[in-house]
Amino acid sequence: MTDAAGGPDDDRTWCISDVDIFRDLSEREMDAIAAAAPMKGYLAGEVLYSPHQPSETIFILKRGRVRVFRVSADGRALTTAIISPGTIFGEMVLLGQRMYDNFAEALDEVTVCVMSRADVRRLLLSDSRVAARITEILGRRLADIEQRLSDSIFKSVPQRIAATLITLAAEVRPRPLAPRRPQIALTHQQIAALAGTSRETTTKVLHDFADRGLLRLARGRITVLDAPRLRDESG
C-alpha cells in the first residue's frame, strides 16, 4: 500500500471529484468529505480488504479496478464482482454493505478514499441526496449478484461468458474521437472467474467468438467488435 500523492492527487478533493454520488455538492461540502476521506494507493495484486483483518471501512474507488472474491473450501478463488471507478465498497453494517468472507484485490494500480463508520454517518448518511445514491448503488449490486446466480443456473457456459463480456463492455468509458469498440482489460482467467467456469473453457469460447468476428483477442485485452451479436449469444 502506498500514499496517493503527486500530480492531480495534490488537490485533496481530486479523489472524490467526478464520483457520481457526490454530484451537485457544494465546494464546502466536497472539502469536508475530502478531509475525512484520505487517499490511499494500492499496486496491482495488493489486497485492500481481507476477512482476516475486518474493519468497518468504506472505500470510494477513484482510479483502477478492484476484484471482490471469496475462496472456496477447495482453494478456488470465486470472483463475485469487479468494482469500477466512481463507486463504493467495503464492510459497513451501517449501510447494509457486508463483505462477509470476501477479499478485495486491486486489479490495476488503484486509488481509493477511505472513510470510517463515524464519518459515513456524519457526512454521507446525513445528506439525503448522497444517502439515496448509495442506496441505489447497493441495490444495483444486489441485482447484479442475483443475475449472476440466475445465469449460473439457467445459462450455458458460452452464454455466461457472452453476458459477462457485455456487462464489462458497458462499463468501459468511450475514448474521445475513437470508434465505439470497448476494450476489456482482463485476462482469460479473470473472465473465467466472473463467468464461473475454467480458464481452458473460457479460452476456447473466446477463440470461437473471435473466429466469428464478435471479438478481437490480444494479450490481456479483449476488444468487442459486434456488441449486438454478442448480446444475442448471451441469451
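## Overall picture

Contact here means heavy atoms within 4.5 Å. On that basis, residues 24 or more positions apart account for 68% of the contacts in the chain with a separation of 6 or more. The model is a predicted one, and its secondary structure comes to seven helices and twelve strands.

## Confidence of the prediction

The average pLDDT of the chain is 82, and 86% of the residues score at least 70. Among the elements of the chain, the highest mean pLDDT, 96, belongs to helix H6 (residues 199-211), whereas strand E1 (residues 2-3) has the lowest, at 57.

Over residues 5-10 the pLDDT stays under 50, and for this stretch the model has five contacts beyond four places in sequence. Where pLDDT is low, the predicted coordinates should not be read in detail.

## Nonpolar cores

The largest nonpolar core has 25 residues, and those with the most contacts inside it are Ile-21, Phe-22, Ile-33, Met-115 and Leu-124. Two or more residues of this core come from each of helix H1 (27-36), strand E4, strand E9 (110-116), helix H2 (117-124) and helix H3 (128-154). For Ile-21, the contacts that remain once residues up to four places away in sequence are not counted are with Ile-88, Val-130, Arg-133, Ile-134 and Ile-137.

A second, separate core has 21 residues, including Ile-161, Leu-186, Leu-194 and Leu-206.

## Aromatic pairs

A pair of aromatic rings is described by the distance of the centres and the angle of the planes. The count for this model comes to two aromatic pairs. In the pair formed by Phe-59 and Phe-89, which is stacked, the distance is 5.1 Å centre to centre and the angle between the planes is 20°. This pair links distant parts of the chain, with Phe-59 in strand E4 (residues 57-63) and Phe-89 in strand E7 (residues 88-91), 30 residues apart. Both Phe-59 and Phe-89 are buried.

Phe-69 and Phe-103 also form a stacked aromatic pair, with 5.2 Å centre to centre and 10° between the planes. Here too the pair links distant parts of the chain, Phe-69 lying in strand E5 (residues 66-71) and Phe-103 in strand E8 (residues 103-106), 34 residues apart. Both Phe-69 and Phe-103 are buried.

Glu-105 has its place in strand E8. Because its relative accessibility is 17%, and buried means under 20% relative accessible area, Glu-105 counts as buried.

Thr-87 lies in the loop between strand E6 (77-83) and strand E7. With a relative accessible area of 13%, Thr-87 is likewise buried. When neighbours within four places in sequence are left aside, Thr-87 is in contact with Phe-59, Ile-60, Leu-61, Ile-137 and Arg-141, and among these Phe-59 is a member of the stacked pair with Phe-89.

## Helix H5 and Ala-193

Helix H5 is mostly covered, since six of its eight residues are buried. These buried residues are His-188, Ile-191, Ala-192, Ala-193, Leu-194 and Ala-195, and one of them, Leu-194, is also included in the second core. Just after H5, Gly-196 takes a positive phi of about 70°.

Ala-193 lies in helix H5 (residues 188-195). The relative accessible area of Ala-193 is 16%, so this residue falls on the buried side of the 20% limit. What does Ala-193 touch, not counting residues up to four places away in sequence? The residues concerned are Ala-77 and Thr-79. Although Ala-193 and Ala-77 are 116 residues apart in sequence, the C-alpha to C-alpha distance between them is 7.4 Å.

Definitions and conventions: Residues are numbered from 1 along each chain as its sequence is written. This is a predicted model: local features need pLDDT of at least 70, side-chain atom pairs count only at pLDDT 80 or more; totals for chains, interfaces and linings use all residues. Side-chain values use heavy atoms; hydrogens and water are left out. Rings of Phe, Tyr and Trp (its six-membered ring) pair if their centres lie within 6.5 Å; planes under 30 degrees apart count as stacked, over 60 as edge-to-face and the rest as tilted. Helices (H or I, at least four residues) and strands (E, at least two) are DSSP runs, numbered from the N terminus. Buried means under 20% relative accessible area, exposed over 50%, partly exposed in between (1.4 Å probe, protein chains only). pLDDT is the predictor's confidence in each residue, from 0 to 100. A nonpolar core is a set of buried Ala, Val, Leu, Ile, Met, Phe, Trp, Tyr and Cys residues joined through side-chain atoms within 4.5 Å.
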